[in-house]
Amino acid sequence: MSSLAVLHASQLITLAGPRRARSGKELSDLGTIPDGGLLAADGRITHVGRTPEIEKLCQRDTEVVDARSCVVLPGFVDAHTHLVFAGNRLEDFESRARGQTYEQIAKRGGGIQTTVQATRAATEDDLFALAKKRANWFLQNGTTTIEAKSGYGLTLEDELKILRVIRRVGTETPLETVPTLLGAHAFPPEFRENHGGYISLIIEKMLPAIEQEKLAEYCDIFCEQDYFDVDDSRRVLTAAKQHGLKLRMHVDQLTNGGGAKLAANLGAITADHLEQTGADGISALAKAGVQPVLLPGSVYALGSKKYPDARQMIDAGLAVVLATDFNPGSSPSASMPMMLSLAVTQLRMSPTEAITAATINAAASLGRIESIGSLEAGKVANFVIYDCDDYRELAYWFGVSLRRDVFVRARRLEL
Ligand code: NIG
Ligand code: FE
């Protein structure tokens with residue numbers, strides 16, 4: 001049995017603790033082991049502790065990795081991405097610099113529709129090649145699992161095509177993927193005058209096909225003015241549950257339309273964005289135990305000033321998650337360290353809270369708490385060695401990569 005030991009980490013950040021999402025004061029407990037080490041066999045962690053204890057367990061053929069003067073963390077878990085699309089949104093990007101808003105750009109036919117056209121025109125292999133390159137960006141930035149949404153196809157065939165690409169990324173690259181159907185991302189041009197027709201297409205065609213092919217674990221919707229309203233969202237998501245999907249929702253990003261309350265009402269696992277959510281929405285999420293997924297990269301890249309109220313959410317006892325929202329329109333970043341920086345500087349989270357939100361809490365939100373998100377015996381050996389002595393440096397040096405080595409299932413990746 002091949003085994004691997006990591007020894008002498010200045011700080012081994014384990015996130016060890018209860019097998020559930022962390023809230024309140026628990027967000028500040030990283031389970032740090034100084035002069036830490038771990039042992040892994042067959043891709044799983046078998047022991048975690050101080051270096052001398054781990055050293056004693058090493059055998060003659062154990063491969064030893066020296067992490068002296070380095071910090072070791074679980075791989076980041078990015079719980080909200082739009083991985084698969086063709087083309088880019090450079091025109092929108094420049095237009096915003098000239099003062100146009102995301103909403104104005106969408107109204108003149110730019111925005112999501114541009115990406116839908118490009119994605120429909122691409123083959124599954126084209127999209128896989130693009131997604132594979134991006135999978136490498138995530139891994140290079142220390143992320144070992146991502147949730148990935150469809151949503152740039154908006155026809156039965158094109159949504160299935162995207163979900164198959166997401167599955168292929170998970171099987172053909174070291175990056176683990178958790179698939180989400182986002183058929184309700186926007187109304188496609190052919191249904192502009194027939195919204196009911198598109199909702200029927202999602203419910204009658206997409207959901208059964210996806211259940212049949214087991215192509216998604218979650219269903220998401222863009223609940224927003226000019227996109228899907230609260231009634232549309234309730235219809236689509238109620239049907240999704242009947243097809244065995246769990247729910248994640250884009251809510252209250254641009255306007256406060258009551259999306260957070262609906263997420264609570266429907267028993268969604270997560271409510272994502274929440275930039276415009278008020279105190280009543282936050283308390284509804286708290287009562288229902290919905291995890292908020294905060295996406296500061298999209299606020300930053302849209303040049304907006306209104307970040308979600310993370311402090312109020314933490315005070316309300318919510319088990320916050322941080323994610324990139326990787327997508328071509330509002331958040332072209334695959335970097336969780338960048339999100340840690342934004343969390344501390346813009347959301348006023350502590351570095352400790354931010355790291356918990358980006359690892360164990362994200363894993364919990366994806367139904368993966370038993371396998372990833374912390375460094376504990378029995379979990380998959382997905383971890384990253386960073387060239388710094390203090391974990392807070394990950395959030396502090398922004399735009400700088402401190403990543404030394406990334407291990408997936410105890411194998412060092414060539415990046
Ligand atoms: O999460 N808000 C909707 N979806 C994405 C943006 C998609 C796009 O602009 O292409 C988001 O911000
Ligand atoms: Fe998103």
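An oxygen atom of ligand 1 lies 2.6 Å from an N or O atom in the side chain of Tyr152, a polar contact being a pair of N or O atoms within 3.5 Å, where within protein one must be able to donate a hydrogen and the other to accept it, and residues adjacent in sequence count only if both atoms are side-chain atoms. The model is predicted, with local features requiring pLDDT of at least 70 and side-chain atom pairs counted only at pLDDT 80 or more, while totals for chains, interfaces and linings use all residues. Residues are numbered from 1 along each chain as its sequence is written, chains are lettered from A and ligands numbered from 1 in the order in which they are written, and side-chain values use heavy atoms, with hydrogens and water left out.

For the side chain of His273, an N or O atom is 3.0 Å from an oxygen atom of ligand 1. Asp325 places a polar side-chain atom 2.9 Å from an oxygen atom of ligand 1. Taken alone, ligand 1 exposes 330 Å², of which the protein buries 100%; accessible areas come from the Shrake-Rupley method with a 1.4 Å probe, and for residues only the protein chains shown count as cover. Around ligand 1 there are 15 residues, of which Arg89, Tyr102, Tyr152, Gln253 and Ser330 come nearest (near: a heavy atom of the residue within 4 Å).

Cavities were examined on a 1 Å grid over the protein atoms alone, a cavity being a set of points where a 1.4 Å probe fits but cannot get out, and a pocket an open set with protein on both sides within 12 Å along at least five of seven lines; lining residues have an atom within 4 Å of a point. Grid points are joined across faces, edges and corners, and a volume is the space filled by probe spheres set on the points. Two cavities of 30 Å³ or more are found in the whole structure. The largest cavity has a volume of about 100 Å³, and among its 14 lining residues Tyr102, His185, Gln253, Asn327 and Ser330 lie nearest its centre. Tyr102, Gln253 and Ser330 are also among the residues that come nearest to ligand 1. The lining of the largest cavity comprises four nonpolar, eight polar and two charged residues (nonpolar: Ala, Val, Leu, Ile, Met, Phe, Trp, Tyr, Cys and Pro; charged: Asp, Glu, Lys and Arg; polar: the others, Gly among them). The second largest cavity holds about 40 Å³; its lining includes Pro74, Gly75, Thr144 and Thr145, and has three nonpolar, six polar and no charged residues.

The largest pocket has a volume of about 450 Å³. Of its 17 lining residues, Ala106, Lys107, Gln113, Asp226 and Tyr227 lie nearest the centre. Both α3 (102–107) and α4 (112–121) supply at least two residues of this lining, and α3 gives the most, with three; helices (H or I, at least four residues) and strands (E, at least two) are DSSP runs, numbered from the N terminus. Six nonpolar, six polar and five charged residues make up the lining of the largest pocket.

The second largest pocket contains about 320 Å³ of space. It is lined by 18 residues, with Phe85, Asn88, Trp137, Pro328 and Pro332 closest to its centre. At least two lining residues each come from α2 (90–97) and α5 (124–140), and α5 has the largest share, four residues. By class, this lining has nine nonpolar, five polar and four charged residues.

An open sheet of eight strands shows parallel pairing in the order β6-β7-β8-β9-β10-β11-β12-β13, two strands being paired if DSSP finds at least two bridges between them. Because β6 (76–78) and β13 (321–322) stand at the edges with a single partner strand each, one side of each is left without a neighbour in the sheet. Strands β8 (residues 176–184) and β9 (residues 218–223) run parallel and are joined by three bridges. Ala184 stands opposite Ile221 in β9.
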